[in-house]
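Please look through the sequence and the model below before reading on. The paragraphs that follow take the strands, the helices and the aromatic rings in turn.

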Amino acid sequence: MIVKAYNNGTHNRNGAGYGFKVSNADRDEFFKPEWTSILVELPEGDEPVEVKIDPASFWSENSRELVSQAIGKWLRRNGLAPWHVGNAPVFVLEPIADNRFRVEKAGKSSSKI
């Protein structure tokens with residue numbers, strides 16, 4: 001699935017407030033409402049990152065973000081954040097086992113997410 005980098009507007013240097021935004025269709029297809037967290041394998045990462053899921057917001061129509069300070073640190077460390085408004089990087093978030101996913105860089109920004 002294609003996901004877009006997300007930030008809550010603060011662009012903290014410590015990575016807080018960053019994550020990935022998932023489309024409604026991909027959320028419904030690849031995520032389970034009973035999950036309270038997922039594991040995300042970031043490129044060049046030794047261990048997967050645990051990303052908490054807030055069920056109230058993640059399963060709403062407007063907020064489908066997976067937010068994690070570790071994702072933010074990774075984005076900033078790799079020069080992928082901060083970004084210009086409307087130009088968030090996009091990634092492939094590949095399901096690899098139950099609630100475990102792998103991230104790969106996808107390319108240009110997409111407004112469809």
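A polar contact is a pair of N or O atoms within 3.5 Å, where, within protein, one atom must be able to donate a hydrogen and the other to accept it, and where residues adjacent in sequence count only if both atoms are side-chain atoms. This is a predicted model, in which local features need pLDDT of at least 70 and side-chain atom pairs count only at pLDDT 80 or more, while totals for chains, interfaces and linings use all residues. Residues are numbered from 1 along each chain as its sequence is written, and side-chain values use heavy atoms, with hydrogens and water left out.

Helices (H or I, at least four residues) and strands (E, at least two) are DSSP runs, numbered from the N terminus. Helix 3 covers residues 69-77, and its buried residues (under 20% relative accessible area, where exposed is over 50% and partly exposed lies in between, with a 1.4 Å probe and protein chains only) are I71, G72, W74 and L75. Seen down the axis of helix 3, these buried residues fall within an arc of 160°, so they line one face of the helix; the arc is that of the directions from the helix axis to the C-beta atoms. Just after helix 3, G79 has a positive phi of about 70°.

The strands come next, and two strands are said to pair if DSSP finds at least two bridges between them. Strand 1 (residues 2-7) runs antiparallel to strand 6 (residues 90-97), to which 3 bridges join it, and V3 has F91 as its bridge partner in strand 6. Strand 1 also runs antiparallel to strand 2, with 4 bridges between them, and here Y6 stands opposite G19 of strand 2. The ring of F91 has the charged end of K105 over it, 5.5 Å from the ring centre; a charge counts as sitting over a ring if NZ of Lys or CZ of Arg is within 6 Å of the ring centre and within 35 degrees of the ring normal.

Which residue's side chain does the side chain of K21 meet in a polar contact? The partner is E65, at 2.6 Å. K21 lies in strand 2 and E65 in strand 5 (residues 65-67); K21 is buried, with a relative accessible area of 17%, and E65 is buried too, at 16%. Leaving aside neighbours within four places in sequence, E65 is in contact (heavy atoms within 4.5 Å) with Y6, F20, K21 and F58.

The last topic is the aromatic rings. A pair of aromatic rings is described by the distance of the centres and the angle of the planes. Rings of Phe, Tyr and Trp (its six-membered ring) pair if their centres lie within 6.5 Å, and planes under 30 degrees apart count as stacked, over 60 as edge-to-face and the rest as tilted. A search of the whole structure finds 8 aromatic pairs. The rings of F31 and F58 have centres 5.1 Å apart and planes at 65°, so this pair is edge-to-face. F31 lies in the loop between helix 1 (24-30) and strand 3 (37-41), and F58 in helix 2 (residues 55-58), so the pair ties together parts that are 27 residues apart in sequence.
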